[in-house]
Amino acid sequence: QRWINDCQILLHHSAVNAEREARGDLPINSLWLWGEGDTPRVPADIFTRVWSNNPLALGLAHLSATPYTATPADAESWLARIDRAGNHLVVLEDLIDPSLSESIEPIASSAAQTKVLRRLEQTWFAPLQNALRAGTLASLTLYPYPGLPRRITGSLLRRRWWRRSR
């Protein structure tokens, strides 16, 4: 903390910052120091492969030495590319507002959410449900944000798990 304070004082009195302010630019008033310490240990062998475009998921896959690939456009192309054996993680970020950069804030507009959900239903959820029913997938675990994971199997689909008990 002391080093950061010293840097802020140096930057405040810097001739470069005086020139920036004279031009109407914002001054550089701090440094962001990070990366100190040891590389965190990430458990290996949790997933066979990670399918994602998310920098955090890809970074964790890299740290755990898990193979990773960009998320395919739809479930059918994903199913065609995977080896059925294994525990694959597919990260679908479609409900995260891209204007919020790497934030985890959901899309604000209800109409936009409905449109995205319909597209996800057509391109991912319905084909995955069909694969579970056909037995091409043994199980599927959903990790909703926020919420608890839910494991779905073909037999569970036949029991209509989403309906409330009477």
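This is a predicted model: local features need pLDDT of at least 70, side-chain atom pairs count only at pLDDT 80 or more; totals for chains, interfaces and linings use all residues.
Arginine 49 stands opposite histidine 88 in strand β3.

Between β1 and β3, the parallel pairing extends over three bridges.

Arginine 49 also has a relation to an aromatic side chain. The charged end of arginine 49 sits over the ring of tryptophan 51, at 5.8 Å from the ring centre. Tryptophan 51 is in turn a member of an aromatic cluster, which it forms with Trp78 and Trp124.

A pair of aromatic rings is described by two quantities, namely the distance of the centres and the angle of the planes. The count of aromatic pairs comes to two. In one of them, the ring centres of tryptophan 51 and tryptophan 78 are 6.4 Å apart and the planes stand at 90 degrees; because an angle over 60 degrees counts as edge-to-face, this pair is edge-to-face. The pair links distant parts of the chain, since tryptophan 51 lies in strand β1 (residues 49-51) and tryptophan 78 in helix α4 (residues 75-81), 27 residues apart.

Tryptophan 78 also pairs with tryptophan 124: their ring centres are 6.4 Å apart, but their planes are at 45 degrees, so this pair is tilted. Here too, distant parts of the chain are linked, with tryptophan 78 in helix α4 and tryptophan 124 in helix α5 (residues 110-134), 46 residues apart.

The surface presents another group of residues. Leu56, Leu60 and Leu63 form a nonpolar patch there, and together they have about 280 Å² of accessible area. Leucine 56, one of these residues, is placed in helix α3 (residues 55-63). Its relative accessibility is 60%, and leucine 56 therefore counts as exposed.

In summary, Trp51, Trp78 and Trp124 form one aromatic cluster, whereas Leu56, Leu60 and Leu63 form a nonpolar patch on the surface.

Methods:
Residues are numbered from 1 along each chain as its sequence is written. Side-chain values use heavy atoms; hydrogens and water are left out. Patches are made of residues with over 30% relative accessible area and no salt bridge: like charges are joined within 9 Å, nonpolar side chains (Val, Leu, Ile, Met, Phe, Trp, Tyr) within 5 Å. Accessible areas come from the Shrake-Rupley method with a 1.4 Å probe; for residues, only the protein chains shown count as cover. A salt bridge is a side-chain nitrogen of Lys or Arg within 4 Å of a carboxyl oxygen of Asp or Glu. Helices (H or I, at least four residues) and strands (E, at least two) are DSSP runs, numbered from the N terminus. Buried means under 20% relative accessible area, exposed over 50%, partly exposed in between (1.4 Å probe, protein chains only). Rings of Phe, Tyr and Trp (its six-membered ring) pair if their centres lie within 6.5 Å; planes under 30 degrees apart count as stacked, over 60 as edge-to-face and the rest as tilted. A charge sits over a ring if NZ of Lys or CZ of Arg is within 6 Å of the ring centre and within 35 degrees of the ring normal. Two strands pair if DSSP finds at least two bridges between them.
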